[in-house]
Amino acid sequence: MAKLGKRTKAAREAFAGKENVSIEEAVALVKNNAKAKFDETIEIAMSLGVDTRHADQMVRGVVGLPNGTGKTMRVAVFARGPKAEEAQAAGADIVGAEDLMETIQGGKIEFDRCIATPDMMPIVGRLGKVLGPRNLMPNPKVGTVTMDVKEAVEAAKGGEVQFKAEKGGVVHAGLGKASFDETKLVENVRAFVDAVQKAKPTGAKGTYMKKIALSSTMGPGVTISVDSATGN
């Protein structure tokens, strides 16, 4: 059996016996034990009582975190003419049409969010097999297919987080950095949990929010009390 390092051993000891704690306790525990040599991301994972094989049980949405993510978001925009100029002025990293499609088809994907004006969707649609699996496909339900490209770009750059239930009904996201103040991390976690709660689909049956866990990139996780997190 491999010998545990001092940092790993200390983290496990700190987390021992801790489960179903409040958001405040979880944030403090995870933040104080994020001891890697880089600024670790604080990550949330939520297990939901949904079957994503059914359309009426799909969970997806977007939430603007009050304190941002601490991550620099690279944004690509499919647009032409004035809308392309609007996207560039708003701070988009990549703007294009057919040329951008060809770049992506060539395997070059240097962005974290993709936005498109509605008239660009026939072009973007050809990229479904490339962008879809990476959760980068523009979608009007999360505001990434829009004529208001300025607002969409600024929202993406300002700390907006998209979420989508994956196979098994799990939603996960990065909600800030370990260097953030505890208060700011708590606010971000609450905002995200509230957004997922409000995104409960009509087809969900039984217990919707089954488990919530918080962790840092290199650290162990701790479960959060669902009742306390949702105000039940």
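This is a predicted model: local features need pLDDT of at least 70, side-chain atom pairs count only at pLDDT 80 or more; totals for chains, interfaces and linings use all residues.
**Overall form.** I began with the secondary structure, which comes to nine helices and nine strands. I then looked up the radius of gyration, and the protein has 19 Å, which agrees with the value near 17 Å that a compact globule of 232 residues would have. The C-alpha trace spans about 60 × 45 × 35 Å along its principal axes, and 45% of the 232 residues count as buried. For contacts between residues at least 6 apart in sequence, I noted that 72% join residues at least 24 apart.

**Cores.** I turned next to the largest nonpolar core, which has 42 residues, and found that Ile44, Phe192 and Leu214 touch the most other members. Among the elements that give two or more residues to this core are strand S1 (41-48), strand S7 (170-177), helix H8 (182-198) and strand S8 (209-216), and H8 gives the most, with eight residues. I followed Ile44 beyond its neighbours within four places in sequence, and listed among its contacts Val171, Leu175, Val189, Phe192, Ile212 and Leu214. Apart from this core lies another, of 15 residues, including Ala97, Ala116, Met120 and Leu127.

**Aromatic pair.** I searched the whole structure for aromatic pairs and found one. The ring centres of Phe163 and Phe192 are 5.5 Å apart and their planes stand at 70 degrees, so I recorded the pair as edge-to-face. Because Phe163 lies in strand S6 and Phe192 in helix H8, the pair ties together parts that are 29 residues apart in sequence. I also checked burial for this pair, and both Phe163 and Phe192 are buried.

Conventions. Residues are numbered from 1 along each chain as its sequence is written. Side-chain values use heavy atoms; hydrogens and water are left out. A nonpolar core is a set of buried Ala, Val, Leu, Ile, Met, Phe, Trp, Tyr and Cys residues joined through side-chain atoms within 4.5 Å. Buried means under 20% relative accessible area, exposed over 50%, partly exposed in between (1.4 Å probe, protein chains only). Helices (H or I, at least four residues) and strands (E, at least two) are DSSP runs, numbered from the N terminus. Contact means heavy atoms within 4.5 Å. Rings of Phe, Tyr and Trp (its six-membered ring) pair if their centres lie within 6.5 Å; planes under 30 degrees apart count as stacked, over 60 as edge-to-face and the rest as tilted. The radius of gyration is taken over C-alpha atoms; the globule rule is 2.2 Å times the number of residues to the power 0.38.
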